[in-house]
Amino acid sequence: MCGIFGAICDGAVSNTLKALKLLEYRGYDSAGIAALRNDKIDVYKTEGRIAALQELMRGVPESDVAIGHTRWATHGSVCTANAHPFLSPDKKFAVVHNGIIENHLQLKRELGNVRFTSQTDSETVAYLLEKYFDGDVMRTLLTVARKLQGSFAIAVLALCERKIYALRSKSPLVVGTSADGVFLCSDVRCISRWASRVAVCPDGSAVEISADGVRIFDFSGAPIQPDFFVPERAEQAAGANGDFMLKEIFEIPHRLRLAKQGYVNGGGLRLSVAEARRFRRVYLIGCGTAHNSGLQAASSARRLLDVDLLPVVASEFIYGDYPVGADALAFLISQSGETADTVRAAERVASLGGVTYAVTNTSESSLAFACKYTANICAGGEYAVASTKAYNCQLMTLALLLSELGVLRGSVTAQSHAELLRNSDAVPDAVAQVLDKSADVARLAEEVARCKAVFFIGRTTDYPTACEGSLKLKEISYIHSEAYPAGELKHGTLALMESDVCVVAVSTDPALKGKTASSVTEVTARGARALSVAPYTFPDATPLVIPQTDPFVAAMVSVVPLQLLAYYTAKRLGRDVDKPRHLAKSVTVE
Ligand code: F6R
């Protein structure tokens, strides 16, 4: 959420524009760039997408120092005035910010009788830099840093200095160098296009980049040695039809193979028997889709483990009084590894003596740094705001980790674990068979697009799949949708059944087929339309038949028709599937 880029290189303005395009998935309501000139800082900003900024900046002269920002609004409405960068009143500092300055109202009062040009918390930082400027930009920046509360990644241009300054507290920020220049950015994958060596700015650090390289300090001014590594070069190309989402869904079979290899090559769970046997409760913590993968993993593994498996939404976990001690293991699940709620939850577990285990797609992320152990889900860059392949890879990784936990605890035999590893090899092909039916899903989506509400139902291990199908559909099609355990409909929600309502029943367990058939009949008898996703058919539902797989891995397959259904329904309704309204990827504020 919100993307920041800074460049000191030839053509810094056009490179920053290119980088903002790559960062656009992090926020796309407005954008801007500040370019350092000989005697001034020029700011260009506009409401709308990066394309609007590109248009505004056509013909603008180059500079060799620039910072840019693409915004997902938190404080202040979406308008050009609230777009970043912000200039200080004397125009000597330009600031871009990702995060929330929680004490901005108090800071504004401290600044006294000045006129702000925006409704944002971020503009305060530019004004504070002017007020406290003592002739040394880094010293001033540290003074300002110590006044700020909240989360922030901030980049600053200072007039007449061919440098970029930055602050990092909680929000992500990386720096990178190459033969062509020095850069900073919110995202490792994006900066890898420009930098051959990258370092993550530590939490609570101030940074100066210049043609001479990178200097990092803590907020007391003590130097920190940057820890450089060679980033993986990330390709970021949309599919043939211009969307990332469909391309990412079609990558699932390949990515599932990599997720399994990642588990094996990464050495599996890496807990000792003594450690594994110490746990009395295992939390699975995440937000949105990552929460649904925790729900799913817990539901599938419950019968394998003699320990409480507790899926919890990260934002609830932080402030709820969930018991944590040395007997708690927490899997913190996050595609980006930067979701603020999930990182805070990891910090809470660690501070109370629990064991933290990141399950993430980004090994250099804040979450990975906050956790004792990390498992990489190997889903590759995911750029559509709606998460798809990362979900399937989270399920694969969690299934294997939890089964191995069972082996260490003695509740799963080594033989069953080996069988799971073998069965997991069949999943990519089963997903590929579902993908082969995408034209059938597209046809069903025509009908779903005409509905005013869609309910997803499933029992036991199919209920989390229903949750994920519902989340996917609502976030990109804007059709009202809810998920229910199938048996729960009759306790109130049946009142909503009518002809323009659709119910999608997910059923992968033949033992529960009859129960789900009754739920389907109950809704169709009240005029609703029913679809089923199952290895078998129901008399009253239009079927999407999926391959029968081992129940422990079935959810990695059964969610795929629902991901496709959301995609095709949103397309049918003319939605921007990759960038749904009001949302952004990588939610770095609480
Ligand atoms: C939904 C979606 C979100 C994310 C959630 C957590 O399609 O993408 O619900 O799953 O914001 O994001 P990560 O996994 O990056 O922590």
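Which atom of the ligand is 2.9 Å from a polar backbone atom of Ser387? I found that it is an oxygen atom. Before going on, I noted that this is a predicted model, where local features need pLDDT of at least 70 and side-chain atom pairs count only at pLDDT 80 or more, while totals for chains, interfaces and linings use all residues. Residues are numbered from 1 along each chain as its sequence is written, and side-chain values use heavy atoms, with hydrogens and water left out.

**Entry 1: the ligand**

I counted polar contacts as pairs of N or O atoms within 3.5 Å. A ligand oxygen lies 2.7 Å from a side-chain N or O atom of Ser336. For Lys472, a side-chain N or O atom is 2.8 Å from an oxygen of the ligand. On its own the ligand has 400 Å² of accessible area, and the protein covers 88% of that. Such areas come from the Shrake-Rupley method with a 1.4 Å probe.

**Entry 2: the largest pocket**

I checked the terms here. On a 1 Å grid over the protein atoms alone, a cavity is a set of points where a 1.4 Å probe fits but cannot get out. A pocket is an open set with protein on both sides within 12 Å along at least five of seven lines, and lining residues have an atom within 4 Å of a point. Grid points are joined across faces, edges and corners, and a volume is the space filled by probe spheres set on the points.

The largest pocket has a volume of about 640 Å³. I found 31 residues in its lining, with Cys287, Gly288, Thr289, Ala584 and Val587 nearest the centre. Helix α18 gives the largest share, four residues. Helices here are DSSP runs of H or I with at least four residues, numbered from the N terminus. By class, the lining has 13 nonpolar, 11 polar and seven charged residues. Gly counts as polar in this scheme.

Where does this pocket lie? It lies between domain 2 (240-425) and domain 3 (436-576), because both give residues to its lining. The domain bounds come from an automatic or database assignment.

**Entry 3: the second largest pocket**

I read about 490 Å³ for this one. Its lining has 27 residues; Arg189, Glu232, Ala234, Gly380 and Gly381 lie nearest the centre. I sorted the lining into 10 nonpolar, seven polar and 10 charged residues.

**Entry 4: the cavities**

How many cavities of 30 Å³ or more does a search of the whole structure find? I got five.

The largest cavity has a volume of about 260 Å³. It has 24 lining residues, and Ser336 is one of those nearest its centre, along with Arg26, Asp187, Glu338 and Thr362. The lining splits into eight nonpolar, eight polar and eight charged residues. Domain 1 (3-229) and domain 2 (240-425) both contribute to the lining, so the largest cavity lies between them.

The second largest cavity holds about 80 Å³ of space. Its lining includes Leu395, Leu398, Phe552 and Met556. Helix α14 (389-409), α10 and α20 (554-572) each give two or more residues.

Methods. Polar contact = N/O pair within 3.5 Å; in protein donor to acceptor, adjacent residues only side chain to side chain.
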